[in-house]
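Please open the model in a viewer and follow the stops below in order. Each stop names a selection and then describes what is found there.

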Amino acid sequence: FEYGSTTRKVVRNRNRLTNVLTDSGWKSADAFVMALGSYSAQFMRKLGRPIPVYPVKGYSITVPITNAEAAPVSTVMDETYKVAITRLGDRIRVGGTAEISGYDLRLHESRRRTLEHSVVDLFPGGGDLKAASFWCGLRPMTPDGPPLVGLSEVANLYLNTGHGTLGWTMACGSAKVLADIMSNRVPEINARDLSPERYLKPI
Ligand SMILES: Cc1cc2nc3c(=O)[nH]c(=O)nc-3n(C[C@H](O)[C@H](O)[C@H](O)COP(=O)(O)OP(=O)(O)OC[C@H]3O[C@@H](n4cnc5c(N)ncnc54)[C@H](O)[C@@H]3O)c2cc1C
């Protein structure tokens, strides 16, 4: 693994990827996996093989618990605002919103206020909001929901992207399915519905 290294360029020759330029230089390989979340779409567009993966921005606050009795013990959904409130050890994680604003990662205070409102409304006095951290991320969404796991339109380029709201949950399973596909093993689950090919078929 090369942590903290950025992929700068990908080179295609006919219908195969040949080289990738990272911060540590050019790499070549028999096969490549694109697992860049929402950013996969940008690279695939540059390769002339666009995929239907779109960034949908979400926000969370993580609040240190000050009174365990007043904090949630499990996950609760505030259906009014579509906000999920979860206990994470000695913290409360409050997450939600689906904002369509491209790759913009600015943190908007109005979103924070919505998350704060939900947790104060349902668990008053549970945590210290002033000490909370505020975060946003991009969910790589596909139009039909499931991710794209399998061979792309480029002969030696595989996709493991488009996991939307469930990327952490599906991370290990998706990696296992893709490793099986790349090794010519039959995956333990039926992976046909995850194949990028489903978007190439005429309706
Ligand atoms: C508020 C919120 C709450 C969520 N809660 C949950 C949850 O409870 N459970 C769950 O399962 N999922 C949850 N998700 C969804 C989850 O975050 C995503 O599905 C998951 O992060 C997708 O993983 P990924 O690795 O495909 O993409 P990402 O996490 O987006 O990772 C892509 C990585 O590629 C890197 N990258 C981009 N360009 C380059 C480049 N040129 N070179 C090198 N690296 C590059 C980026 O820096 C990034 O680290 C939540 C999302 C949000 C926004």
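Between which strand and which helix is the loop that holds Tyr39 found? Select Tyr39 in this predicted model: the residue sits in the loop that runs between strand E4 (32-34) and helix H1 (40-46).

Next, select the ligand and its surroundings. The ligand is surrounded by 19 residues, of which Thr7, Gly164, Thr165, Gly167 and Thr169 are the closest.

- Thr7: a backbone N or O atom is placed 2.8 Å from a nitrogen atom of the ligand.
- Gly167: a backbone N or O atom is placed 2.9 Å from an oxygen atom of the ligand.
- Leu166: the distance from a backbone N or O atom to an oxygen atom of the ligand is 3.4 Å.

On its own, the ligand has 990 Å² of accessible area, and the protein covers 68% of it.

Finally, turn to the cysteines. How many disulfides does the structure hold? The count is 0. Is Cys136 buried or exposed? Cys136 counts as buried because its relative accessibility is 11%. Select Cys172 to end the tour: with a relative accessible area of 66%, this residue is exposed.

Methods
Residues are numbered from 1 along each chain as its sequence is written. This is a predicted model: local features need pLDDT of at least 70, side-chain atom pairs count only at pLDDT 80 or more; totals for chains, interfaces and linings use all residues. Side-chain values use heavy atoms; hydrogens and water are left out. Helices (H or I, at least four residues) and strands (E, at least two) are DSSP runs, numbered from the N terminus. A residue is near a molecule or strand if one of its heavy atoms lies within 4 Å of it. A polar contact is a pair of N or O atoms within 3.5 Å; within protein, one must be able to donate a hydrogen and the other to accept it, and residues adjacent in sequence count only if both atoms are side-chain atoms. Accessible areas come from the Shrake-Rupley method with a 1.4 Å probe; for residues, only the protein chains shown count as cover. A disulfide is a pair of cysteine sulfur atoms within 2.5 Å. Buried means under 20% relative accessible area, exposed over 50%, partly exposed in between (1.4 Å probe, protein chains only).
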